[in-house]
Structures are given as C-alpha cells and as structure tokens.
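Please work through the following exercises with the sequence and coordinates at hand. Each task is followed by a solution in steps.

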Amino acid sequence: MVENFLRGARQMLAGLKPVRAPDAPARAFRDLWPGDAARGNRLLQGEFEFLGSARALTEETGWDQGSLPWRAAAHAFGWARDLRALGTDAARLRGRGLTAAFLGRWGADPLAAVPEVAGARISAWLGHWDFFFATAEDSLRRGVMQRMAQDVRTLVAGLPAEAAHRGALAALKGAMAGAVALDDEAALSRCLRFLTQELERQFLPDGCHVERSPAQHLLALQDLVEIRNLLHGAGVESPPHLAMTLDRAAPALRLFRHGDGGLAGFNGTREEAASLLDLTLTQAQARGRSPLALPDGGFQRMQAQRTLVIVDAGPPPPGRAGTGLLPRGADRFHHAGTLSFEMSVGRDRVIVNCGAAPAADAGWRDALRATAAHSTLIVADTNSSELQDTGLGRRPEAVEAERQETGGAQWLEIAHDGYRKPFGAVHRRRIYLSESGDDLRGEDVLEAEKPMPFTVRFHLHPGVSATAQQDEQAVMLRLPSGAGWRIRVKGARVAVEESIYLAAEPRRTVQVALYADDGEQTVQWAISRISLAGPDPAAT
C-alpha cells in the first residue's frame, strides 16, 4: 500500500515537471523481429488484427473501441512491425498518419499511459525510427520525441513496476530504451537498479516464464535479447543476472516446441512461425537441448522416437489484487486447462488444445479458455479453474507430478484438486509412452466420495481425420502424413464430435469425447500406431 502511494506520488511529480526532448534519438535502434506483411496490408485497408481480433483502426476511429487487449495493442503501436514488413511508401505514410492521430487526439486515452503500453510504444517508435520518422516532417518528429520523453519520465518514476506479468518487463525495457535515446543517464541508472529484481520476478528458477504461457515466454525472451543488445550498444555493462536468465530461459522455450517447430497451445498461445522461434533462439545464443521438465513452471515433455507429448502439469500462477485498466496478475491469460496435453508425431500435430483469442470479445475469449476446450477431463461442464476477466478465481491449489523412466519408456503420474471445492473431487491422470513411441496409454481417474459423470476430451488437429468404430470403443485416425493411429477406450462411451481450432484463423475440426456416465470412476485409453491400407477411412 505504501509503495503504491509512493509510486503514484513520483509519477504525479514527474508529470508536473517540464520536459525538453532532443530532435532525434541519441543513437540508432533496430527492431529485430519480422512483421507480417499480410497484417500490414489489412492495416492499409483500415483493419488491425491482433491475437484473434480484427477491428477497424484509422486516423479517425477504432482507438477507443474493441476489447482492452486489442486497444492496448493499438496504443502500443503493435502494428508498426507489420507496416515495416511491407516496406512501401504507402505503409510509411499510414504509419505516420496513425502516429499523428495518436499524438493529436487518441494519445490522451488513459490506456495509452498504462506502463506496459507506454513501454511497448517507446520500443516500437525507436525500433522503427528510420522507417517512419527519420525523414518525416519536423513537427511529427518533435511530437514523437516530446511524448517519448514524457512517457520515459513517468515510467521511470513508477518503478518498481506494479504488474506481476510480462507487461512489467516490457515497461522496463521501454524505459531503458527511452533513457538511452534521450541520453538520460540518471533515468538509465534507475532502470538498471530494478532490472535484476524484475528478472527474478519474471522467470522461475527453471527458466520458465512466470505466466506459464509459451507465447508470453517467447515475448519475454525477446525482451531479454533486446535489453542485452541495448545495453551493449550503449556501452553499459549488463548485470550478471541478465546473462544467467537468458541461459535458463532460452532452453526452456525449446520444451514447448512441437515437431513442426511451433509452440504448444497452452494458456493464451497461438501459432507462431517456426522461423521466428529459430531467430529468437539464435539471437538469445541458446545452447543445449530442450529440458524434459520444467519443475517450477509445471510442464513435462515426453518424447520417444518421433512421438512427442507436452503436458501442463503445474498449478496456475498467482493473481494480483488491485484495480487498473489492465489486469495485473500473472494469471491474466491463463486457461482452465490443468493436466491437458498435446501430442505430435514428427511434423504432424495430432492431439491439441483448441487455441486462444486473448484479444477477442469476452465470450469467445473465455470459450477457448474453458476446460472443455482442452484435452483433459471435465466434470459436469464445470471449469477446473474459475474464469474471470482479470485472470482466474477458484483454481487448483495442489498439483502433483511424478515422472519415471525405465529402458526408454516413460511414466507420468499427475493430479490436481481444482474440483475439490465444487465437487469434493480430485482428478488423477496417468500417462505412459513406450520406448518406440508407437504406444501412448493413459488413465483418467476422478476420486470422489460418490460416483459422478465426467468427460475426457481429445481435440484433434484439423489435419487429422477421424472415424468412429461400430462398437463405440475405438476411433481410427489418419494423420496428414498418411500414418494411421487408433484410440481405444475402456470404461467410457466414445463419440466423435465437432470442435474448433483457433491457433491462427478459425478452422473446423473434431474431438474424441469419452463419456463416463454409468458410475465409472476410471477411464483407460490407448493411442497406438497402426497400419492403414486403402483410402482415407473418413472418406468411406
């Protein structure tokens, strides 16, 4: 409480002091990461797409509409990279026009002053200075530099950051970049004072990012690379903890990669190009293979030959009380998907979660956060964690994970108590992967005082075709590569039902649902490779 009061007082005083800004940054900056030319073209047509939500954004409209995450991205200039990817005069002029509109009208929105938004905007302005502003009119350049100087002063006065998620790191990174651009040694010194403690807050001892989201882990790792490069370019010695954090966080990112090079779909994660992950790991100078487990982050990786299983086997991160325009807790994007897993064979994704749309309207966003949208067990259509706009309410308090390996075969025993409060129940899941990778077996148990119905769901990737067998105890799968697999079940009725996959554009798919309706407390299943002959079984 006292720290919040002092932070507010410092920021108020910072806003009262007059700011004098140079005409241009003191040194050159370069954004490292590629944009999306297709999204850039959409913006030229007046539409900004961000994390599953596309809305109008022009000089005259859009800035004050849409979901808070979408609006925050617009005010953070999250679109600048996509316009640069086009590299055209039209893209440059659109960026200048949107910037002028922000400075002249829309920048007064309180959302634009939220630290994570202001920090990201500073980084975007400096990283794309040469493309948008180096040859712009003097009035626009002066306006950008003046707003940047004021934002840097406010950000630095607000340290240490209040948010407990990656937004705090983005704010600190922006403040550091702005301090270097303004040649403000005092501001940079204050930022460096808080860098080590922020790194300790952001990354767990095993290298996993505190939000337990592969997408946020990727972005936070990119932040570390940019901070390291920024300090090196400015001739400032980095604190030792920065290199130590990079050395842990970069290999940890590998745990989340499927055989196609992309990220597993946990906790707000959407598809990212494998080339972007390769670039990030190269820039991070990552060494070593993927770990088999992140014990602090609560993820497990089981791999045998070409078969890979990635499991969410940890508790959600803590929330954070308080009011603000944007959520402050590390659970802001978290899903109710505890004990869910994804499976791939080579480059073929087989079992997935349904994806994410963090910037969509609340109904669509939370439908994808729900337990039913994950490949795990659900009781009475009730989420294992309570979904709230700012994160999670009720959640698993105890999540257990025990792993064993013998002769190349792997066993994982996991459990969570997310259903203890509403139903007095505990979900236990056992997973076995054979040495050959051709046999994945599991058992889902609902421990409760009295039997109650539950459903186990396996959502399939859109590239997989599925055909239920006549006895309702098995489903045949054909992968994009042509390989055949079969799901066999004991203790439940099996159905193939509609589903959706929204890791990028929405795509229809199916799920294999296992219904334990008749007092069964245990469902056993096996997913095994088989030989397929003849045409696609789904087409017959």
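The exercises below treat a helix, aromatic contacts and backbone geometry in this predicted model.

**Exercise 1. Helix H8**

**Exercise 2. Two aromatic pairs**

Classify the ring pair Phe341 and Trp525, then the ring pair Trp411 and Tyr432.

Solution. The structure holds 18 aromatic pairs. In one of them, Phe341 and Trp525 have ring centres 5.8 Å apart and planes at 20°. Planes under 30 degrees apart count as stacked, so Phe341 and Trp525 form a stacked pair. Phe341 belongs to strand E6 (residues 341-345) and Trp525 to strand E21 (residues 522-530), so this contact ties together parts that are 184 residues apart in sequence. Both Phe341 and Trp525 are buried.

For Trp411 and Tyr432, the centres are 5.2 Å apart and the planes stand at 50°, so this pair is tilted. Trp411 is in strand E12 (residues 409-416) and Tyr432 in strand E13 (residues 426-433), so the parts tied together are 21 residues apart in sequence. Trp411 counts as partly exposed at 36% relative accessibility, and Tyr432 counts as partly exposed at 22%.

**Exercise 3. A cluster and charges over rings**

Identify the residues of the aromatic cluster that contains Trp125, and state which charged end sits over the ring of Trp125.

Solution. The cluster consists of Trp63, Phe77, Trp79, Phe102 and Trp125. The charged end of Arg121 sits over the Trp125 ring, 5.7 Å from its centre. In another such contact, Arg27 lies over the face of Phe29, at 5.0 Å from the ring centre.

**Exercise 4. Backbone geometry in loops**

Locate the cis peptide bond from Leu159 to Pro160 and the positive phi values of Asn267 and Gln285.

Solution. The bond from Leu159 to Pro160 has omega near 0° and is cis; Pro160 is in the loop between H8 and helix H9 (166-181). Asn267, although not a glycine, has a positive phi of about 50°. Asn267 occupies the loop between helix H12 (240-255) and helix H13 (274-283), and is buried, with a relative accessible area of 2%. Gln285 has phi near 55° and is found in the loop between H13 and strand E3 (293-294).

Key. Residues numbered from 1 in each chain as written. Predicted model: local features only at pLDDT ≥ 70, side-chain atom pairs only at ≥ 80, totals over all residues. Heavy atoms only, no water. Phe/Tyr/Trp six-rings, centres within 6.5 Å; stacked < 30°, edge-to-face > 60°. Helix = DSSP H or I, 4+ residues; strand = E, 2+ residues; numbered from the N terminus. Buried < 20%, exposed > 50% of the residue type's maximum accessible area, 1.4 Å probe, protein only. Lys NZ or Arg CZ within 6 Å of the ring centre and 35° of its normal.
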